[in-house]
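Thanks for making time this morning. I would like to take you through a few backbone features and then the cores, so please keep the sequence and the structure in view while I talk.

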Amino acid sequence: MIEIGTEVELFHPRDLVWRALTDQTLLAKWFAEAAPAPERLVLRTAELPGFDADLELEVLELRAPERLALACREGKRRSRVTTTLVPTAHGCRMSVHEALEQGDWDAARRDRREEHHQQAVGVRLPAILDWLAFQQVDLRRAEGDLTAELPIVRTPTRSGRRRAMLIGALTTVLLAGGVTAWAARPEPTAARPLPESSPLVLPSARNSTPPATPSRTAPAASRSIGRPSPTPSLSATRTASPTRPPAAALTARYETVSDRVFGYRGQVVVSNPGSAEKPGWTVTVTLASGATVSSVNGADWEQDGSVVTFTGAPLPAGQSATVRFDVRDPDLRAKTPDGCTVDGNPCTGL
């Protein structure tokens, strides 16, 4: 049985995604135009990549807003498409799975069909959902008052600018005075270090007379601690261990997997080109101001301001690890992070 599957993390609630999935007008915007037919629905897919003809659909299972299963007929082929929506902390996870039950796909057609599913679910659908969410913003269009929900920015007058400058100067003086006072504050009295004492020498069982105290100016190498040993010093007889060659530095490549109106999905592939295992790795991604990360796969992570730190498990020699993450960015133009490093070295791809 030939199967195609794709999954995407969405920054929208299940109810809104379910609407885009089942509303014929919205379905036409991100997947294919729908046309009602007797006892079934037809999707105009004949001209789409990976399709030979239009799809005739029949609903097999419908559990809103969780699961939708469809029987699809495309010429002589029969397939079953199942879509599931699972709620997450930031929205929901959408999985689409198509299994061929009758007929066949050659490799090229299957690849084109899978690519269409990924583009539809991972790129066009998030854009439509962002557009729907924007339409729900209350701008009070019904009352005709478009400024009721918007901040009013007034141009300051000359006197207002003068007053603002005066307030700013006063604030600076106060802050500077506070910093000066803090800097002039006496430092807490640190504990005075104890005077250096002579090395402790334990008395021998055969001679209880302690040895003479060495001079304080004697070189450190002449001091001994503990019971004198008749055997030669360990440092004199230890064989130097062979020096291990330094491990090769990890490399990483960044790629924007998909973009959307209010963000994008990024991917970092970390590789170990050396001959020894790396005990762990750290990838640091710097985002634009106001951007946030969620739905991370492949690493532990934390975000501090615009800096996101990903940490991973040991990486064997010649192996690689992949980190995928979703970025929510209010800047519509931002489709890549501002920076990326692996263990302090720049990532490629940016």
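This is a predicted model: local features need pLDDT of at least 70, side-chain atom pairs count only at pLDDT 80 or more; totals for chains, interfaces and linings use all residues.

Let me begin with Ser 295, which is found in strand S11, residues 292-297, where strands (E, at least two residues) and helices (H or I, at least four) are DSSP runs numbered from the N terminus. Although Ser 295 is not a glycine, it has a positive phi of about 50°, and it is buried, with a relative accessible area of 15%; buried means under 20% relative accessible area, exposed over 50%, and partly exposed in between, with a 1.4 Å probe and protein chains only.

Residues are numbered from 1 along each chain as its sequence is written, and side-chain values use heavy atoms, with hydrogens and water left out.

Asp 343, also not a glycine, has a positive phi of about 50°; it lies in the loop between strands S15 (339-342) and S16 (345-346) and is partly exposed, at 39% relative accessible area.

Elsewhere, a cis peptide bond with omega of about -10° joins Ala 64 and Pro 65, and Pro 65 sits in the loop between S4 and S5.

Finally, the largest nonpolar core has 31 residues, and Leu 43 is among those with the most contacts inside it; such a core is a set of buried Ala, Val, Leu, Ile, Met, Phe, Trp, Tyr and Cys residues joined through side-chain atoms within 4.5 Å. Its largest share, six residues, comes from H3.
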